[in-house]
Amino acid sequence: SAAFLYFSVQSHSAHGRISEMVKRLGNNTEQILICLLFFCVMDLISATIVPKEGEDLQELLGMSLTILQCLQERGVYWFHLFSPMGEEQEPYKVLHRASSKHHSRLLPIAFYSLVPCLQQDTLTQKQDFLPTAIHMYAKLFQLFLEGEESPVAGQSLKQMDTLELLTRSRHYLLRIIIQCPTLSIVNINQILSMYEEFDPEVKAALLHSLPVDDDDAPVLF
């Protein structure tokens, strides 16, 4: 199972061999890879907010990226693990239920720590990627505004270089908005309506990306 495989990697310090292990899984093992990614992401979040002695954040990042790259090569929509749509689909539905409420809220930190490191050409052509990236940024923006507290360390995210992550994430999102398939005004309004507060610069970029001949486009002036 994915849990046993991940435990083996952790207990035998096999991080360096994760690429070889993933390749040996063969075909029709996408769900195992998704579960492995989930375990990596949960540990990555824990290591980010409450660092432990002997825990290597870069190794966890490397493991997560290796699994992501494998999923991307297989054409798997792994980003549903991070999107609201994934909460109603298997196996993402089960994984969302297995994570703590706090870790679920901090998924945007993992998302924007990992995604900019991936090969972008294939990623930006996926129809659901941009909505997922927008949702993750909106939630990261909310976390920063609310000053989410770590339940263990009592440390505010505003003290954890979240502003730097937010800035880098904004720059990344603004760049991919013009690279991804264009969203309709209906899609954009649906996303914006989910959040009380939204980054005005990102909102302006989304509205500006609408086709000029879109009959439903809003009047901006």
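The legends below describe close-up views of a predicted model.

Residues are numbered from 1 along each chain as its sequence is written, and side-chain values rest on heavy atoms, with hydrogens and water left out. Because the model is predicted, local features need pLDDT of at least 70 and side-chain atom pairs count only at pLDDT 80 or more, while totals for chains, interfaces and linings use all residues.

**View 1. The chain as a whole, with twelve helices and zero strands.** Helices (H or I, at least four residues) and strands (E, at least two) are DSSP runs, numbered from the N terminus. Of the 221 residues in the chain, 49% are buried, where buried means under 20% relative accessible area, exposed over 50%, and partly exposed in between, with a 1.4 Å probe and protein chains only. Among contacts (heavy atoms within 4.5 Å) between residues at least 6 apart in sequence, 74% join residues at least 24 apart. The chain exposes about 11700 Å², of which carbon and sulfur atoms supply 51%; these areas come from the Shrake-Rupley method with a 1.4 Å probe.

**View 2. Helix α10 (residues 162–177) and its cover.** The 16 residues of helix α10 should span 22 Å at 1.5 Å a residue, which agrees with the 22 Å between its end C-alpha atoms; the expected span is 1.5 Å times one less than the number of residues. Buried residues of α10 include Leu-165, Leu-166, Arg-170, Tyr-172 and Ile-177. The cover over the buried residues of α10 includes α7 (107–114), α8 (120–123), α9 (129–146) and α12 (200–208).

**View 3. The largest cavity and its lining.** A search of the whole structure finds three cavities of 30 Å³ or more, a cavity being a set of points, on a 1 Å grid over the protein atoms alone, where a 1.4 Å probe fits but cannot get out. The largest cavity has a volume of about 40 Å³, the volume being the space filled by probe spheres set on the points, which are joined across faces, edges and corners. Its lining, made of residues with an atom within 4 Å of a point, consists of Phe-38, Met-42, Leu-81, Leu-95, His-96, Ser-99, Ser-104 and Leu-107. Helices α3 (30–49) and α5 (92–98) each supply at least two residues of this lining.

**View 4. Thr-48 in helix α3.** With a relative accessibility of 28%, Thr-48 counts as partly exposed. Its C-alpha atom is separated by 10.0 Å from that of Leu-106, although Thr-48 and Leu-106 are 58 residues apart along the chain.

Terms used. On a 1 Å grid over the protein atoms alone, a cavity is a set of points where a 1.4 Å probe fits but cannot get out, and a pocket is an open set with protein on both sides within 12 Å along at least five of seven lines; lining residues have an atom within 4 Å of a point.
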